[in-house]
Structures are given as structure tokens and as C-alpha cells.
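Please keep the sequence and the structure in view while reading.

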Amino acid sequence: MFSLPALPFDYNALEPFIDEETMKIHHDLHHGGYVNKLNAALKNYPEFQDQSIEKLLSNIDNLPDEIKTVVRNNGGGHFNHSMFWNVLSNEPSTPSQQLLDSINNNFESLEGFKKQFSDVAINRFGSGWAWLVKTDNVTLQVLSTPNQDNPLMDKTGTPILALDVWEHAYYLKYRNKRADYVNAFWNIVNWQKVSELFAN
Ligand code: MN
């Protein structure tokens with residue numbers, strides 16, 4: 001069985017960039033809902049209940065047809081949000097030298113990376129996510145996915161930074177101005193955590 005992880009910070013910690021009410025609804029109701037629906041889907045499949053969420057999603061194409069879509073959507077929702085909370089922080093941080101070197105190699109500069117990541121986040125049509133992914137050959141790649149899909153599902157690589165661009169992530173405060181939300185995101189990235197994920 002999967003459970004909703006506690007937020008690693010207070011609901012209001014990310015103010016003014018992400019507001020307290022959005023965080024409460026987003027974590028407790030949206031993320032909580034994905035966890036509940038994932039567990040409900042696996043009720044009759046004990047063989048999958050104790051797998052890690054990463055293993056379950058990496059194997060999504062081989063799941064029984066009856067649960068494939070619901071696990072894709074809600075298991076994806078669980079993994080994506082768990083990762084999202086962990087790469088946010090109200091404490092200032094900077095990328096490790098190792099990560100910065102790789103960003104410079106792949107995107108020419110940190111600003112070049114931020115621009116590319118912001119562009120895919122802003123231009124994702126409808127609901128989805130923007131990702132920074134470490135591929136198997138230790139190159140970095142920026143991409144976006146629809147719905148609750150993620151880079152584990154098609155084995156693109158290991159996600160090390162995630163941004164939720166569903167309207168539920170920003171609409172209370174930013175209304176239709178997704179670009180303002182994406183720009184604000186750079187103030188609350190937990191670069192220490194991203195650097196750890198990169199190093200692993
Ligand atoms: Mn969300």
C-alpha cells in the first residue's frame with residue numbers, strides 16, 4: 001500500500017511564490033486523491049502493492065490491462081507530486097559544482113537551462129509536467145509530459161527536477177498566467193536536493 005508523504009515544509013513556507021491555500025489543496029486533496037485511487041486500483045493485485053512506485057511505473061506497459069491506465073494516472077500522480085515537494089524549498093540553495101558543470105555542458109549556462117525548462121513548461125498544452133532528466137549516459141535533457149506521465153514510464157532516464165503545470169498547481173494565485181508561476185518557481189527550487197538526485 002502506498003501512503004501520502006508529509007510535506008517537507010509548512011503549507012505557507014513557499015509564500016509568496018506558492019500560496020498556502022494552493023499547497024493545502026494540492027497536497028492533501030490532489031496528491032492524497034492519487035494515492036487513494038492508486039491503492040484502490042491495486043486492491044486485488046497484492047503482487048504490486050509492495051513494489052516501489054518507481055518499479056511499478058517503469059513496468060507500466062506490462063501491467064494487466066484492467067489497471068494499466070488507472071495506475072499510469074494515479075501512480076504517476078503519486079510519484080510526480082512526491083518528487084515535486086522534495087525539489088521545492090524556501091531556503092536559498094545553489095547547484096553543486098558537479099551539477100553546474102553538467103548543466104553548462106548540456107545547456108551552455110544555468111540561464112540557458114532555465115530558459116529551455118521554462119519554455120517547455122509554459123508551452124505544454126493542457127495539463128502536464130516539465131522535467132530535467134539525467135539520461136543513462138549522464139547527459140541532461142529537458143522535456144515535458146502530458147497528464148501524470150513521467151520519464152520513468154518510457155525509460156527516458158532519471159528525473160531530477162519536476163514542475164507541475166496543471167492548473168490546480170497555480171490557478172488560485174496566478175489565474176491564467178502560467179508563465180508568472182513558472183518564473184516564480186525558480187525562487188523556490190531546492191538545488192541541494194536536485195544536486196543529490198543528480199549525484200545518485
Ligand atoms: Mn498537481
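W129 and W131 are both buried, a term that stands for under 20% relative accessible area, with exposed meaning over 50% and partly exposed lying in between (1.4 Å probe, protein chains only). The model is predicted, so local features need pLDDT of at least 70 and side-chain atom pairs count only at pLDDT 80 or more, while totals for chains, interfaces and linings use all residues. Residues are numbered from 1 along each chain as its sequence is written, and side-chain values use heavy atoms, with hydrogens and water left out.

The aromatic residues come next. The structure holds 14 aromatic pairs; rings of Phe, Tyr and Trp (its six-membered ring) pair if their centres lie within 6.5 Å, and planes under 30 degrees apart count as stacked, over 60 as edge-to-face and the rest as tilted. F117 and F185 form a stacked pair, with 5.9 Å from centre to centre and 10° between the planes. This pair links distant parts of the chain, since F117 belongs to helix α6 (residues 110–123) and F185 to helix α8 (residues 178–185), 68 residues apart. Helices (H or I, at least four residues) and strands (E, at least two) are DSSP runs, numbered from the N terminus. F117 counts as buried because its relative accessibility is 0%, and F185 is buried because its relative accessible area is 2%. W129 and W131 also form a stacked pair, at 5.7 Å centre to centre with 25° between the planes. One aromatic cluster is formed by F107, F113, F117, F185, W186 and W191.

The sheet can now be considered. It is an open sheet of three strands in the order β2-β1-β3, with antiparallel pairing; two strands pair if DSSP finds at least two bridges between them. Strands β2 (140–146) and β3 stand at the edges with a single partner strand each, so one side of each has no neighbour in the sheet. From one strand to the next, the twist averages 25°. Helix α5 (residues 97–107) packs on this sheet and touches β1, β2 and β3, its direction making about 80° with that of β2. For such angles, axes are lines fitted to C-alpha atoms, for helices over the stretch in contact, and angles run from 0 to 180 degrees between N-to-C directions.

How are the strands joined? Strand β1 (residues 128–134) and β3 run antiparallel and are joined by six bridges, whereas seven bridges join β1 to β2, also antiparallel. Strands β1 and β2 form a hairpin with five residues between them, and V138 in the turn has a positive phi of about 65°. K134 has its bridge partner T158 in β3 and stands opposite L140 in β2. Further along the sheet, A130 stands opposite L163 in β3. K134 also lies over the face of F198, at 5.4 Å from the ring centre; a charge sits over a ring if NZ of Lys or CZ of Arg is within 6 Å of the ring centre and within 35 degrees of the ring normal. The charged end of K173 likewise sits over the ring of Y174, 5.7 Å from its centre.

Strand β3 is mostly covered, with six of its seven residues buried. I160 lies in this strand and is buried because its relative accessible area is 0%. Leaving aside neighbours within four places in sequence, I160 is in contact with M83, V87, L99, L132, K134, L140, V194, L197 and F198, where contact means heavy atoms within 4.5 Å. I160 and E196 are 36 residues apart in sequence, with their C-alpha atoms 8.6 Å apart in space.

Which residues hold the manganese ion as protein donors? They are H26 (NE2), H81 (NE2), D164 (OD) and H168 (NE2), lying 1.9 to 2.1 Å from the ion. Within this site, H26 in helix α1 (residues 20–41) and D164 in strand β3 (residues 158–164) link distant parts of the chain, 138 residues apart. The donors follow the spacing H-x54-H-x82-D-x3-H along the chain. Donors are N, O and S atoms within 2.8 Å of the metal (3.2 Å for Na, K and Ca); water is not among the atoms, so sites may look incomplete. Both H26 and D164 are buried.

H27 also lies in helix α1. H27 counts as buried because its relative accessibility is 6%. Not counting residues up to four places away in sequence, H27 touches L4, P5, A6, L7, Y11, G32 and W85.
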